[in-house]
Amino acid sequence: MIESLVRVLVYPGVGFIVFFSFLYSGIFRKISARMQHRIGPPIWQPFFDILKLLGKEDIKPEQAKIGYTFWPFVAMISIITAGLLTPIAGVVPLGNSDIVVLIYFLVFGSLCLYLSGFSSSNPFAVIGSVRGIIQMIGYEFPFVVSVAVAALASGRLLLFPAAVNMYQISNGWLCLSFPFAAAAFFVSVLAKVEIPPFHIPEAHQEIVSGYYTEYTGKKLAMILIAHMVKLFVLIALGIALFFGGSLDILTFIAKGLVLVFVVSFFRVILARFRIDHALKFCWVFGFVGMIDLFRVLLGF
Amino acid sequence: MKEKDVRKCYILPVGPQHPMYVEAENLMVHVDGETIVNVDVNIGYMHRGIEELMQRRNYIQNIYLAERICGICSGIHTVTYCQCIENLIGLEIPERAKYIRTIILELERLHSHFLFFGVMAYEMGLDTVFMYTWKDREAVLDILEMISGNRVNYGMSAVGGVRRDVPENRIPEMIKKLDYLEKRGQYYAKVFYSDKLIRKRSVGLGLLPKKLVDKYSIVGPVARASGVKTDVRKDIPYLVYDKIDWNVIVREEGDVLARIMVKIYEVFESIKILKACLKALPGLEKTLKVKAPFVIETNEAVSVTEAPRGELFYYAVSNGTDKPERLRIRTPSFVNIANSLGILLKGQQLADLPIIVASIDPCFSCCDRVTLIDVKSGERKTVDEAYLKRLEERK
């Protein structure tokens with residue numbers, strides 16, 4: 001009982017997930033700053049940011065709808081739950097999990113973030129949310145295709161992510177045998193965490209901060225936590241599904257850092273898509289991923 | 001579009017406080033989904049009444065005021081002002097002063113253009129190029145600091161010449177920095193021209209056809225990007241521009257990318273002019289300034305120059321005292337913003353709005369005019385001469 005509680009709440013559960021998502025996000029910011037010839041914030045900056053935001057005054061705009069208060073919270077909880085269903089260093093914090101449920105939690109988390117934008121009744125936030133939902137139509141397709149490839153490749157019809165993890169350890173990296181699916185997965189990760197070239201829903205120059213323009217204080221902290229945990233969860237999922245899997249914590253962190261580096265590299269070199277271009281780009285990668293799906297299904 | 005349909009659109013306020021621009025300005029953008037249906041350009045938030053202030057100060061004090069009209073084009077404003085006053089007096093300035101003024105103006109063009117590349121990249125969501133260009137811009141500011149001791153407001157021009165000499169022992173250092181800038185300019189030309197994402201966000205966007213340029217009197221690089229060969233430096237040469245070999249950059253496309261490419265190739269031309277000036281400088285006579293009278297006879301004069309953003313025009317009337325009777329400033333940004341934004345933005349995507357607005361390189365501080373707005377009824381009217389006279393009588 002106590003053992004499973006520790007597994008869910010401390011390691012590799014909520015505490016570990018939140019701590020490392022802050023750390024990854026700090027490292028992400030530092031690396032991209034160095035690539036841009038900037039000094040950048042210290043890697044502990046996300047911790048300071050969240051601590052500061054938690055102590056701030058809570059402001060609710062007069063015209064905000066009722067969901068303004070709870071959507072950020074629901075988003076944060078649902079994305080952390082998705083994290084609890086992901087294999088972290090070979091262990092799934094909530095026992096075992098189903099990939100389909102994991103996908104649902106990630107989708108629901110993103111949806112809640114966009115709903116928070118709608119409920120704040122700010123014109124910029126509404127446009128940001130609309131863009132987010134359009135973008136979702138784009139990136140969910142390659143994401144689901146690539147996850148399905150990984151799950152089916154391991155030969156389990158029950159689609160356990162932990163099983164894919166184990167399969168990779170005994171049979172080699174899936175991203176090598178299924179490069180198209182891995183590429184589709186990577187593109188959909190970039191789009192899911194809204195980093196360049198997919199930072200369309202929060203395009204600073206066009207719509208201020210997009211769907212969280214109106215948020216401050218604790219609610220903004222929740223949205224930011226949801227963001228950072230999303231990056232961490234997707235990186236953990238990427239390791240489990242495509243990048244060789246991991247059984248001990250050190251390989252997990254090392255592979256995670258390499259992926260953070262790759263993601264920040266793409267963040268630095270790419271400009272922003274327009275929403276229609278982004279949609280087209282995502283779908284092209286979805287179809288590219290389909291090549292591998294057919295290969296898996298037909299067995300060659 | 002009918003009045004009724006416009007009302008059905010969603011109106012998105014862009015500004016006066018908006019991350020898209022540094023200064024305060026307001027665009028009321030009517031959007032239908034993501035498509036822009038109509039744009040109301042409301043300028044006037046940065047008005048400071050400089051023309052009126054200039055009529056209350058003497059000719060020397062006005063140099064400082066002219067320098068502060070714009071933070072980026074501070075050099076060109078003082079030079080144009082001083083030229084205008086010299087034309088009033090009928091004064092010929094020393095050759096060396098002409099060269100030094102040219103050096104300052106071209107350096108200013110360089111730093112303004114590098115700033116523009118950064119802003120364009122930033123608007124496209126490519127922060128890296130923004131950081132790189134602004135880092136390279138420091139090299140220009142370093143050269144300006146070597147010459148004048150200042151990075152932004154140089155305080156170089158005076159009526160009758162310039163105030164400081166270019167330190168000749170540091171010319172090799174400046175040439176080295178210019179070589180570096182040339183190399184970086186070639187790099188940015190490659191980046192902007194070949195990067196696929198940048199091309200997607202700039203080719204064919206914000207199209208300004210050649211025939212509209214004359215109709216709406218668009219000036220500067222925006223007009224040159226639409227295939228109109230207009231540059232005051234070639235058309236009505238001032239300073240030493242007719243003694244140096246350089247070309248006017250013209251592109252035919254008229255879209256956002258053309259505007260960027262025009263400015264990138266202007267960087268190379270500016271570097272060419274600068275190198276020629278710096279080479280000619282040691283052989284010139286050491287006189288920097290001739291004495292100018294404090295009181296100026298009744299006369300009127302104009303002065304036209306090419307600012308980084310286009311044609312800058314000063315008109316002055318003197319009345320036999322030490323203060324000007326009237327000074328009129330017509331800045332390039334005013335023409336470009338007020339005349340072109342509406343045409344450029346209509347029918348475009350909302351996501352392209354910042355890119356198109358930034359591509360005409362707006363600089364609001366020099367373009368604002370007085371508009372009175374009745375807060376209660378929302379009625380707006382422009383201040384006319386009769387109203388100003390009434391104000392004066394009351395005083």
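**Close-up views of a predicted model**

**View 1. Meet B:Thr78 and the residues around it.** Not counting residues up to four places away in sequence, B:Thr78 touches B:Ile63, B:Ala66, B:Glu67 and B:Ser157; contact here means heavy atoms within 4.5 Å. You will find B:Thr78 in helix α4 (residues 74-89) of chain B; helices (H or I, at least four residues) are DSSP runs, numbered from the N terminus. B:Thr78 is buried, with a relative accessible area of 3%, where buried means under 20% (1.4 Å probe, protein chains only).

This is a predicted model, so local features need pLDDT of at least 70 and side-chain atom pairs count only at pLDDT 80 or more, while totals for chains, interfaces and linings use all residues. Residues are numbered from 1 along each chain as its sequence is written, chains are lettered from A and ligands numbered from 1 in the order in which they are written, and side-chain values use heavy atoms, leaving out hydrogens and water.

**View 2. Look into the largest nonpolar core.** This core has 215 residues, and A:Phe242, B:Leu110 and B:Phe192 have the most contacts inside it. Its largest share, 17 residues, comes from helix α11 (residues 217-241) of chain A. A nonpolar core is a set of buried Ala, Val, Leu, Ile, Met, Phe, Trp, Tyr and Cys residues joined through side-chain atoms within 4.5 Å.

**View 3. Zoom in on A:Phe242.** Leaving aside neighbours within four places in sequence, A:Phe242 is in contact with residues including A:Ser146, A:Gln168, A:Trp173, A:Phe178 and A:Phe185.

Note on methods. Buried < 20%, exposed > 50% of the residue type's maximum accessible area, 1.4 Å probe, protein only. Helix = DSSP H or I, 4+ residues; strand = E, 2+ residues; numbered from the N terminus.
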